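Hello,

Here is the structure I said I would pass on. My notes on it follow below.

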Amino acid sequence: MLNAPAYSDTKNGYVVTAYLKDYFSFITTKLTDENDYLLNEEMFESNIRDYQNRTSVNADIENTLNSSQKYTDFWWLNNGITILASEGNIVSKTLNLENVQIVNGLQTSNSIFNIFKNADSEAISKDDRSILVKVITLDDMDETRDEIIRATNSQNPVTVSQLRSSDPFQRKIELFLKSKDIFYDRKKNYYKNQNKPRAQIFSINYLAQAIVSIIDRNPVKARSNPTILIKKDEDYKKVFNQNYEISIFYHAIAIRNQVSEYLKFIKKNYANDPVLLNISKYYELHVTRALASLITNSQEITPNILGHLKDSDIKKIPDEKILQAINIVRKAIENNQTDLSKKAFVNTNIDNEIEIYLQNNHSNHESN
């Protein structure tokens, strides 16, 4: 429930001004201590960003909230809040809402929370400033939610991955990866704000690049422009295919991450080898693609093959195996005088080197 002393009915919703103190109560749960509050994060699940901390905009919001200007109301200076709800009605100036999702205004909401959670209760009760709230009630929220999110966030740049973050399948991936101690940054800065180790935080784009490099065998495309990989719905549904075993996404991140860590070692210790140094800077996805084939002993890594790897196969990949993948990429580079990192035919060259390696490896096993 949200108190709305001033409101206007609209088709499928309301436009209201609510007191800051009432909005603070609406987005929080009061714990046992008098001034101990918890932000209701479930309300912000569909927001495309997490709290961006002390950016200049958020600092300005908090400075405005801290100031006690007698002649300036807060809602005059702020774009306000957008709420989606499946149902809503107003009785005696109180909004009753079902399935609340705050899709725009997370930065403002967090700033209000940061200021009011530590404020004196008497000072809060005397605060008569207001905030503008737009409430949209829709039965078909899933069909129109993304359009509303895109429009209400148009004043700031919105990346493709941020728009995809509200997909329930992304949430499913996030929960699975979390069970593997991997923090999937579905909403930018969410895990950073929770002080999770940065080395265990990975973005949607990071995962999409790994999938395209391994399953599509196309590291060149994956590297050239990560945003185009999931920009179109058909491309997004191909990369994040809901028919895939969920373990595919864990295996892809684990393989790429171990390549990344090993290439950091290469970059630090082999500065006198220009080819290795070049690989460490520009060919992470190419090595990832090669390593996946060496682990699976397959030229073409199908979703079924990647999904049915054992965790033990990718938990700690031997350094010598990663080095073999690096050597495959190195041979592909040295066999051509052109910089291959952005050339389409590098995929073919690496495929050829993998085929040679796997054939030799198979022959060696048969002779033994």
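A residue is called buried when its relative accessible area is under 20%. The model is a predicted one. By that cut-off, 5 of the 5 residues of strand β6 (residues 81–85) are buried, so the strand is largely enclosed by the rest of the structure. In a regular strand the side chains alternate between the two faces of the sheet. In β6, I81, I83 and A85 are buried on one side, and T82 and L84 are buried on the other.

β6 has these pairings. It runs parallel to strand β10 (residues 130–137), with 5 bridges between them; T82 stands opposite K134 there. With strand β9 (residues 101–104) the pairing is antiparallel, over 3 bridges, and Q101 is the bridge partner of L84.

On the chain as a whole: there are 18 helices and 12 strands, and buried residues account for 50% of the 368 residues. Of the contacts between residues at least 6 apart in sequence, 69% join residues at least 24 apart. The accessible surface is about 19,000 Å², and 46% of it belongs to carbon and sulfur atoms.

The largest nonpolar core has 61 residues, among which I173, L207, F240, F249, I255 and I326 touch the most other members. Helix α12 (residues 247–269) gives the most to this core, with 11 residues. Leaving aside residues up to four places away in sequence, I326 touches Y262, L263, I266, L276, I279 and V287. There is also a second, separate core of 35 residues, including Y14, L65, I90 and F113.

Regards

Note on methods:
Residues are numbered from 1 along each chain as its sequence is written. This is a predicted model: local features need pLDDT of at least 70, side-chain atom pairs count only at pLDDT 80 or more; totals for chains, interfaces and linings use all residues. Side-chain values use heavy atoms; hydrogens and water are left out. A nonpolar core is a set of buried Ala, Val, Leu, Ile, Met, Phe, Trp, Tyr and Cys residues joined through side-chain atoms within 4.5 Å. Buried means under 20% relative accessible area, exposed over 50%, partly exposed in between (1.4 Å probe, protein chains only). Helices (H or I, at least four residues) and strands (E, at least two) are DSSP runs, numbered from the N terminus. Contact means heavy atoms within 4.5 Å. Accessible areas come from the Shrake-Rupley method with a 1.4 Å probe; for residues, only the protein chains shown count as cover. Two strands pair if DSSP finds at least two bridges between them.
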